[in-house]
Amino acid sequence: MNIFDAHCDVLLKLFEDKTIDFKDSPRLQANFDGMQKSGVKLQCFAIYVPSELEEDRLFDAAEEMATIFHQKIVGENEGIVHVKTREDIARLKDNEMGAMLTLEGCDCIGSDIEKLKTLLGYGISSVGLTWNWANAVADGAKEPQGRGLTPFGKEVVELLNETKTWCDVSHLSERGFWDVIELADYPMASHSNSHTHCRHPRNLKDDQIRALIRRDSVMGLTFVPYFLNESGEAGISDILRHLDHVCSLGAEDHVGFGSDFDGIEKTVDRLSSAYEYSNLVNELQKHYSEIQVENFLFKNMEKRLPK
Ligand SMILES: [Zn+2]
């Protein structure tokens, strides 16, 4: 079963520890071997620049992570190919996996649109506007003021429209979300769950999910335990609970997955790494038809790629 995983933080781990080998390191929740064995056909690799870095280091770090993507993810490994479009995905051979480069948060560009253009030049397919806090583009989900897009943020969204790039609303404030729904041609949420089923500011409320459906967009449910269950302990049944709920809102053709592997320490029970994807697939197959499962795991995401 082909899997499209809309978010992982493998690049952050490779950036922080140059000795980790993407191929099969046990220090990665999502290494190449695990992805291949589980049928991950498309993996998004996020550039997430740690917020603790000095401000004048942020952009260099983002460029370094893009270089790690090109050298260590797609450069050194046979059978993994940088993809940017649906056509690129269709061209993948049976034994090949596609890798997409994404940006998680625009903190690293400050208020310089040229820096975003430079990063897009590395072949980025999706841009998340914020992480959890405020930046020059908008406020993040945990920023108490919760402001929407700034004038510079609107310029960023225009550039994403022009370049047919996904505008990722995961991590964005609620007001920012509604601004994006109004202005972005290609909104999506890479790794967020249902707020109705777990009241966390990173999750999406029902009217936000309905808005994504109206915009013919897609959301990726994520395996972060404390976005699945307020107790912070989660099992695969919690993922299914969120899936059932978003489907009841009409998202059956608008929902996929964004694991957040390597961005989390605590994991979902029986889903601690890419090797264990099959446990999720088996549970899905018990509750949904083969076509529905194919759509959740791959096609709903693939269909919504901007190009
Ligand atoms: Zn994230």
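The largest cavity of this predicted model is lined by Ala-6, His-7, Cys-44, Thr-102, Leu-103, Glu-104, Ser-126, Trp-166, Asp-168, Met-188 and Ser-190, where a cavity is a set of points on a 1 Å grid over the protein atoms alone at which a 1.4 Å probe fits but cannot get out, and a lining residue has an atom within 4 Å of a point. Two or more residues of this lining come from each of β4 (97-104) and β6, and β4 gives the most, with 3 residues; helices (H or I, at least four residues) and strands (E, at least two) are DSSP runs numbered from the N terminus. About 60 Å³ of space lies in the largest cavity, a volume being the space filled by probe spheres set on grid points that are joined across faces, edges and corners. By class, the lining has 5 nonpolar, 4 polar and 2 charged residues, with Ala, Val, Leu, Ile, Met, Phe, Trp, Tyr, Cys and Pro counted as nonpolar, Asp, Glu, Lys and Arg as charged, and the others, Gly among them, as polar. The count comes to 2 cavities of 30 Å³ or more.

Residues are numbered from 1 along each chain as its sequence is written. Local features of the predicted model need pLDDT of at least 70 and side-chain atom pairs count only at pLDDT 80 or more, whereas totals for chains, interfaces and linings use all residues, and side-chain values use heavy atoms, with hydrogens and water left out.

Glu-104, which belongs to the lining of the largest cavity, also takes part in the metal site: the zinc ion is coordinated by Glu-104 (OE), His-171 (NE2) and His-191 (NE2), at 2.0 to 2.2 Å. Donors are N, O and S atoms within 2.8 Å of the metal (3.2 Å for Na, K and Ca), and water is not among the atoms, so sites may look incomplete. In sequence the donor residues follow the spacing E-x66-H-x19-H. The two histidines link distant parts of the chain, with His-171 in the loop between β6 (166-168) and α7 (174-183) and His-191, 20 residues apart from it, in the loop between β7 (187-188) and α8 (206-214). Both His-171 and His-191 are buried, a term that denotes under 20% relative accessible area, with exposed meaning over 50% and partly exposed in between (1.4 Å probe, protein chains only).

Strand β4 also pairs with β2, in the parallel sense and over 6 bridges, two strands being paired if DSSP finds at least two bridges between them. Phe-45 stands opposite Leu-101 in β4. Strand β1 (residues 3-5) runs parallel to β2 and is joined to β2 by 3 bridges, and here Phe-4 stands opposite Leu-42 in β2. Because 8 of the 8 residues of strand β2 (residues 40-47) are buried, this strand is largely enclosed by the rest of the structure.

The largest pocket, a pocket being an open set of points with protein on both sides within 12 Å along at least five of seven lines, holds about 440 Å³ of space. Of the 23 residues that line the largest pocket, Trp-131, Tyr-226, Asp-260, Gly-263 and Ile-264 are the closest to its centre. Helices α1 (10-16) and α9 (225-228) each supply at least two residues of this lining, and the largest share, 3 residues, comes from α1. The lining of the largest pocket divides into 7 nonpolar, 6 polar and 10 charged residues.

A search of the whole structure finds 15 salt bridges, defined by a side-chain nitrogen of Lys or Arg within 4 Å of a carboxyl oxygen of Asp or Glu. Lys-266 forms a salt bridge with Glu-233, with the closest N and O atoms 3.2 Å apart. This pair links distant parts of the chain, since Lys-266 lies in the loop between β9 (255-257) and α11 (277-287) and Glu-233 in the loop between α9 and α10 (236-248), 33 residues apart. Lys-266 counts as partly exposed, at 39% relative accessibility. Salt bridges that share partners join Glu-87, Asp-88 and Arg-91 into one network. Within it, the side chains of Arg-91 and Asp-88 meet at 3.4 Å, N to O; Arg-91 is exposed, with a relative accessible area of 56%, whereas Asp-88, at 17% relative accessibility, counts as buried.
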